[in-house]
Amino acid sequence: MTVHFDDLETRSADARTADQLLALNANLARNGLDSLDDLGGLTALPVLRKSDLSARQKTTPPFGGLPVANVAHIFQSPGPIYEPGGISHDWWRMGRFLCAAGIGKGDIVQNCFGYHLTPAGMIFESGARAVGAAVVPAGTGQTELQARAAHDIGVTAYAGTPDYLKIILDKAEAMGLALKITKAAVGGGALFPSLRQEYTDRGIACLQSYATADLGNIAYESAAMDGMIVDEKVIVEIVTPGTGTPVAPGEVGEVVVTTLNPDYPLVRFATGDLSAVLPGQSPCGRTNMRIKGWMGRADQTTKIKGMFVRPEQVAQLVEKHAEIIKARVIATRDGEMDAMTVQIEAESGGDGGTYSASVADLLKLKGKIEVVAPGTLPKDGLVIEDQRKYD
């Protein structure tokens with residue numbers, strides 16, 4: 001029998017949309033923005049990128065002038081970017097994921113996420129409290145002590161990066177210590193199928209979440225392991241990298257998230273990650289939208305002939321010509337020199353000469369231009385593809 005964290009996970013699409021629109025408009029008001037008639041109106045609002053947030057924080061520390069409330073902790077991420085943290089019930093919404101991973105009352109969670117400056121440790125600890133589990137605030141490192149603590153305390157669940165659990169298990173085995181870990185909630189790195197299978201062979205059910213320091217939980221796996229279910233308190237869009245324009249259903253694009261947390265109301269925050277929407281609902285009974293999980297980075301900035309070419313520049317090329325559907329920059333080598341090809345999908349066809357001036361103006365480089373038929377370019381989320389070999 002599937003155990004759900006709350007009734008929000010199984011509500012109808014209409015009920016979810018109505019609730020989210022109400023919460024969204026409250027957060028838009030907090031940001032000084034006009035309310036929307038429907039969720040689709042989000043696409044008209046600007047995307048907030050990490051670089052924008054970092055720049056705003058430098059001029060208006062520590063949170064860039066955003067309407068932040070109820071701050072209990074301040075964390076630092078690379079950039080640096082500073083994030084607030086609260087101590088109200090399940091502030092980062094990680095309890096929903098831990099519940100899906102089968103963790104609850106009676107479990108003891110060895111939390112091996114970092115507690116120093118970064119919020120990951122607190123994110124998972126607050127989630128464990130939300131489901132009634134006890135926590136060993138282990139942090140990272142000191143593997144021998146970690147293995148000893150897991151054995152002595154009777155730890156039943158692990159939280160941390162996917163690979164560190166194996167290090168603890170191997171160390172415990174080498175020390176002759178039997179562990180009782182049967183559940184694992186992981187994040188912050190890739191969970192490769194072979195590693196998940198190794199945990200399964202050791203009697204451990206391992207599920208992963210997709211979360212960030214700024215947004216908290218975005219999406220998570222359930223025991224069905226059929227995609228990642230979007231959290232109930234965020235709105236996820238998949239957009240063409242470098243833009244705020246949604247891709248067609250099922251296409252790969254950048255994950256843009258609007259959080260409904262009233263304490264830190266980020267609107268259209270670009271994660272820099274690629275993913276795609278999965279059709280239908282999870283077999284576990286949760287009804288929210290699903291995504292495929294992490295599929296790479298959306299920031300495809302590439303140096304060609306000594307100049308940086310960014311997804312935003314490719315987006316400007318598409319916007320400049322109404323007949324262009326999409327474009328793709330390909331970096332290659334011509335002997336010992338860099339070469340650039342710009343592939344353009346255009347309704348009207350034509351030759352590359354039509355766009356040569358725009359390419360030179362917007363990308364600051366000259367290159368070969370190929371005009372291709374609509375539907376020709378891959379739907380993999382790449383707008384800049386680096387085919388150069390460095391070995």
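Biologist: How many aromatic pairs does a search of the whole structure find?

Modeller: The search finds four aromatic pairs, where rings of Phe, Tyr and Trp (its six-membered ring) pair if their centres lie within 6.5 Å. This is a predicted model, in which local features need pLDDT of at least 70 and side-chain atom pairs count only at pLDDT 80 or more, while totals for chains, interfaces and linings use all residues. Residues are numbered from 1 along each chain as its sequence is written, and side-chain values use heavy atoms, with hydrogens and water left out.

Biologist: Why is the pair of Phe113 and Phe124 called stacked?

Modeller: Planes under 30 degrees apart count as stacked, over 60 as edge-to-face and the rest as tilted; the planes of Phe113 and Phe124 make 20°, with 4.2 Å centre to centre, so the pair is stacked.

Biologist: What makes this pair a tie between parts of the chain?

Modeller: Phe113 lies in the loop between β3 (108-111) and α4 (120-130), whereas Phe124 lies in helix α4, so the pair ties together parts that are 11 residues apart in sequence. Helices (H or I, at least four residues) and strands (E, at least two) are DSSP runs, numbered from the N terminus.

Biologist: How do you know whether Phe113 is buried or exposed?

Modeller: Buried means under 20% relative accessible area, exposed over 50%, and partly exposed in between (1.4 Å probe, protein chains only); Phe113 has 7%, so Phe113 is buried. Phe124, with a relative accessible area of 6%, is also buried.

Biologist: Which residues do ring pairs link into a cluster?

Modeller: The cluster consists of Phe75, Trp91 and Trp92, linked by ring pairs.
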